[in-house]
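Hi,

Here is the structure I promised to pass on.

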Amino acid sequence: MARILLVDDQQLLRRGLRLLLETEDGLEVAAEAADGHEALAVLRGTEVDVVLTDARMPGMDGVELVRQLAVLHPGLPAVVLTTFDDEDIITGAMAAGAAGFLLKDVSTTRLAEAIGEVASGGLVIDPRVARLALGRGAQRDDPLAVLTGTERLVAELVAER
């Protein structure tokens, strides 16, 4: 049974996630929090296996919460769940030690699977997010890296002329 701490500033979303997740076998929502500060306070008295947090919230956001968890609760995996596919949020969350990054349009089944994966020590990242992060990262180092082989060859030929 994976025990989850839900962290999101929108109460309606937390309640909805709770209802959806608790229909999945092996998952239990142990607690809820409205921001990172409240989540850290909850963790003083509640044992959980996974923190599921929004990225952007007033007060302490999800990325900072992940940073704090790495120091205060090492080994406690966090999954960042957000509507934003912003590269700075993605790289910030992963650099802070997030075990997962998913967009909020994920299916309940996939979210439940992801929680199970990170609770078992895995790493989960939405493929759309991975493409964004890897594609833009490659562009910084080599602007041609995102091109197909044929596109790259044409660009190199044009550059020679």
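Before the notes, a word on the annotation: UniProt positions are given here in the numbering used for this chain, and such annotations may be inferred rather than shown by experiment. Please also keep in mind that this is a predicted model.

The unreviewed UniProt entry annotates D54 as a modified residue, 4-aspartylphosphate. D54 sits in the loop that links β3 (50–53) to α3 (62–72). Is D54 buried or exposed? It counts as buried because its relative accessible area is 5%, and the cut-off for buried is under 20%. Beyond its neighbours within four places in sequence, D54 touches V7, D8, D9, G62, V80, L81, T82 and K104.

Several of those names come back when you look for empty space. Rolling a probe the size of a water molecule over the atoms shows where such space is left. How many cavities of 30 Å³ or more does the structure hold? There is one, and the largest cavity has a volume of about 40 Å³. Its lining consists of L6, V7, D8, L13, L17, L52, T53, D54, L81 and K104. The elements giving two or more residues to that lining are β1 (2–7), α1 (11–21) and β3.

Now for the strands on the other side of my notes. β4 (residues 78–82) and β5 (residues 100–103) are parallel and pair over four bridges; T82, one of the contacts of D54, stands opposite L103 in β5. β5 also runs parallel to β6 (residues 124–125), joined to it by two bridges, with V124 as the bridge partner of G100.

In a regular strand the side chains alternate between the two faces of the sheet. In β5 both faces are covered: G100 and L102 are buried on one side, F101 and L103 on the other.

Last, α4 (residues 87–96). Its buried residues are E87, I89, I90, G92, A93 and A96. An α-helix has 3.6 residues a turn, so residues three or four places apart point the same way.

Cheers

Definitions and conventions: Residues are numbered from 1 along each chain as its sequence is written. This is a predicted model: local features need pLDDT of at least 70, side-chain atom pairs count only at pLDDT 80 or more; totals for chains, interfaces and linings use all residues. Side-chain values use heavy atoms; hydrogens and water are left out. Buried means under 20% relative accessible area, exposed over 50%, partly exposed in between (1.4 Å probe, protein chains only). Contact means heavy atoms within 4.5 Å. Two strands pair if DSSP finds at least two bridges between them. On a 1 Å grid over the protein atoms alone, a cavity is a set of points where a 1.4 Å probe fits but cannot get out, and a pocket is an open set with protein on both sides within 12 Å along at least five of seven lines; lining residues have an atom within 4 Å of a point. Grid points are joined across faces, edges and corners, and a volume is the space filled by probe spheres set on the points.
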